[in-house]
Amino acid sequence: MTLADIAAGAMLLSLIAYCVLAGADFGGGVWDLLATGPRAEQQKQLVDEAIAPVWEANHVWLILIVVLLFSCFPPAFAAASIALHIPLTVMLLGIVLRGSAFVFRRYGRRGPKPWSRVFAISSAVTPVVLGICLGAVTGSGLQLVDGVPAHGFLRSWLMPFPIAVGVFSLALFAFLAAVYLAVEAPEGPLREDFRRRALVSGVAVGLIALAAALLAGPATGQFRARLMQGAWSWPLQIGTGAAAIGAFAALWLRRYVLARSLAVAQVALIVLGWGLAQRPNLLGTDLTIRGSAAPDEALRPVLIALAVGSIVLLPSLWYLFRIFKRESRPAAP
């Protein structure tokens with residue numbers, strides 16, 4: 001294993017953390033957008049209370065991914081910035097609008113909150129664009145000629161498979177958020193609202209995953225073969241399926257804390273499987289992990305700084321969640 005592999009592994013772990021933590025924040029915005037019925041305001045209030053203490057901290061993982069890509073894989077960073085500049089710009093705007101709108105609506109003046117719609121819509125758009133970017137770089141989906149996309153700036157990502165991955169990301173984040181909110185909701189009708197949403201979105205995740213798999217044909221090159229035939233693929237897929245079924249069963253039986261743990265495992269294994277099947281490619285098939293890596297003299301200090309920073313970052317995040325999420329823990333699963 002080279003230093004480039006370690007850096008790529010750190011990026012994958014950061015992506016998993018971002019999906020598990022920030023992904024639920026985006027999903028919360030989706031349920032804010034879809035809040036209906038006599039408890040619509042209570043649903044929105046629960047989303048607010050769940051997100052408020054941690055939403056800014058969760059973006060540290062995206063920042064870490066960008067910094068590692070820029071520092072450790074400069075050719076891939078440059079190529080992605082050019083080939084995917086449209087969806088990346090939309091994603092950046094979505095993140096900024098979502099964060100700004102959330103602050104204005106939560107801490108602004110009382111009465112009507114015009115920023116609520118901006119917060120909810122940007123929360124729904126951003127995961128779709130994130131998934132589109134991941135789908136575009138999968139396998140041979142993105143082909144470059146002298147750092148420029150061979151099929152233009154739209155066709156590189158505006159294709160069936162990346163779009164399916166984008167919709168899948170939205171459904172997955174919505175499912176994760178519904179499970180989290182079911183745990184944090186007080187016992188009663190409000191908890192049942194999010195339990196039903198979790199069950200429905202869980203079924204949607206399965207159906208959209210099947211559609212994405214069917215669309216992952218020649219456009220993804222060897223990605224589909226590695227995903228289905230690798231030595232690690234069947235154990236990982238069995239584990240992912242077991243986590244998904246277990247989360248569904250736990251929700252059905254109202255074992256909410258168990259459902260949350262299994263939902264986290266499901267999302268983490270899905271992203272891990274994507275990363276393992278993508279290897280050795282980093283961006284399309286033209287830029288591999290080792291072929292686009294910076295020299296070891298540049299990688300080594302970055303990885304040392306990452307290790308030292310983790311000693312501070314990880315305990316700090318754990319303490320943050322422990323402090324602000326303690327009151328929302330249910331007494332029993």
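In this predicted model, the face of helix α4 that is turned away from its buried side carries the exposed residues Ile63 and Phe70. The buried residues of α4 are Trp61, Leu62, Leu64, Ile65, Leu68, Leu69 and Cys72, and because they fall within an arc of 160° when seen down the helix axis, they line one face of the helix. Behind such patterns lies a simple rule: an α-helix has 3.6 residues a turn, so residues three or four places apart point the same way. The length of α4 can be checked as well, since its 13 residues (60-72), at 1.5 Å a residue, should span 18 Å, and this agrees with its end C-alpha atoms, which are 18 Å apart.

Threonine 126 is buried, with a relative accessible area of 2%, and its side chain reaches the backbone oxygen of serine 122 at 2.7 Å. Leaving aside residues up to four places away in sequence, threonine 126 touches Phe26, Met91, Gly94 and Ile95.

The cysteines remain to be considered. A disulfide is a covalent bond between the sulfur atoms of two cysteines, and a search of the whole structure finds 0 disulfides. For cysteine 19, the closest cysteine sulfur is that of cysteine 133, and because it lies 12 Å away, it is too far for a bond. The sulfur of cysteine 133 likewise has that of cysteine 19 as its closest cysteine sulfur. Cysteine 19 is buried, with a relative accessible area of 5%, while cysteine 133, at 7% relative accessibility, also counts as buried.

Note on methods:
Residues are numbered from 1 along each chain as its sequence is written. This is a predicted model: local features need pLDDT of at least 70, side-chain atom pairs count only at pLDDT 80 or more; totals for chains, interfaces and linings use all residues. Side-chain values use heavy atoms; hydrogens and water are left out. Buried means under 20% relative accessible area, exposed over 50%, partly exposed in between (1.4 Å probe, protein chains only). A polar contact is a pair of N or O atoms within 3.5 Å; within protein, one must be able to donate a hydrogen and the other to accept it, and residues adjacent in sequence count only if both atoms are side-chain atoms. Contact means heavy atoms within 4.5 Å. Helices (H or I, at least four residues) and strands (E, at least two) are DSSP runs, numbered from the N terminus. The expected span of a helix is 1.5 Å times one less than its number of residues. The arc is that of the directions from the helix axis to the C-beta atoms. A disulfide is a pair of cysteine sulfur atoms within 2.5 Å.
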